[in-house]
Amino acid sequence: MPHRNAQIDHVAAEPAVGPARASSGPEDAVYRTLLESTRAIPWKIDWATMRFAYIGPQIAALLGWPQDSWVSVEDWASRIHPDDREHVVNYCVAQSIAGVDHEADYRALTQDRGFVWIRDVVHVVRNAEGEVESLIGFMFDISERKRIEQELAKMQRKLEALSFEDGLTRIANRRRFDERLETYWEAARRSGRPLSMILLDIDHFKGFNDRYGHLHGDECLVAVAAALKALGREEDVIARFGGEEFVLLLPDTDESVALEIARRCCRAVEGLEIPNAASDCSPFVTASLGVSTVTPLEGALARDFCEDVDRLLYGAKRNGRNQLLSA
């Protein structure tokens, strides 16, 4: 047995779990005091019987289960959170059989039905013939570490969400659109299902900004974004494409449905009744739209599809604005 575990093995050699018996010598007392005063919880399991030869009394303070209630590995397994139990037990057993030192993080159930995050560090002890003789380890309370990790993960998710959000309108940004386009394009190619896109540009927006100021221009963009978002389905991507342009990416959507959604977009924008004296096509803010549907073929590029829809949009603008043009 490695020298670094000799003290544990020496102290843990008693066959029964429970309060320490009187030591056979001062050295035993020192070792036991060291083990039982640390925040880490030492333990030993006899491999042949699968019973605890020893577990530190600190276990009662941490989990509430009395020290003498830890009799066999079944007690250990039954006190692991159900969501962690199977994979932790299977992993630890497999590693122990293979004679490999290992560690595992899991939620240990407390007697009052709560749980504590535990890191179990396990050393496999072999006899002179190389056979597994016992397992020796330490349990560490890592609840605070897990809490910090979860907070960091939550913050990371929030930052990731912000990275896909347009700072002004709070809808998806161009980065999110580009990422979703590649995903939806590939899914449509594999399934043979249609993918539709609507590209929308606010008419005479430069004139609007010049006449009413950029603050009112921002308010207009926010209002249009909200109106478009209200029309979207759960799987649709409604994004700010750039400047005063917006895009709606509509997976599994055929041409007739896409055209109807585009018409609703036209009505929704003009229905905001935002005055625009700079427009020559309506007293209110309006939009021009390009609409197209495709079932991607092998080798076709999503970028080409975007360019096709963009040409339709500018065709609608050349035709007098406040209208849609489809393929």
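Start by selecting the five-strand open sheet, whose strands run in the order β7-β8-β6-β9-β10 with mixed pairing. Strands here are DSSP runs of E with at least two residues, helices are runs of H or I with at least four, and both are numbered from the N terminus; two strands pair if DSSP finds at least two bridges between them. You're looking at a predicted model, where local features need pLDDT of at least 70, side-chain atom pairs count only at pLDDT 80 or more, and totals for chains, interfaces and linings use all residues. Residues are numbered from 1 along each chain as its sequence is written, and side-chain values use heavy atoms, leaving out hydrogens and water.

Now colour the edges: β7 (237–242) and β10 (324–326) each have a single partner strand, so one side of each lacks a neighbour in the sheet.

Next, zoom in on β7 and β8 (residues 245–251), an antiparallel pair with 5 bridges. Pick valine 237 and you'll find its bridge partner, leucine 249, in β8.

Contact means heavy atoms within 4.5 Å.

Last stop: helices α8 (residues 205–212) and α9 (residues 214–231), whose axes come within 7 Å and cross at roughly 135°. Show Phe205, Phe208, Asn209 and Tyr212 in α8, which meet His214, His216, Gly217, Cys220 and Leu221 in α9.

Conventions. Axes fitted to C-alpha atoms, helices over the stretch in contact; angles between N-to-C directions.
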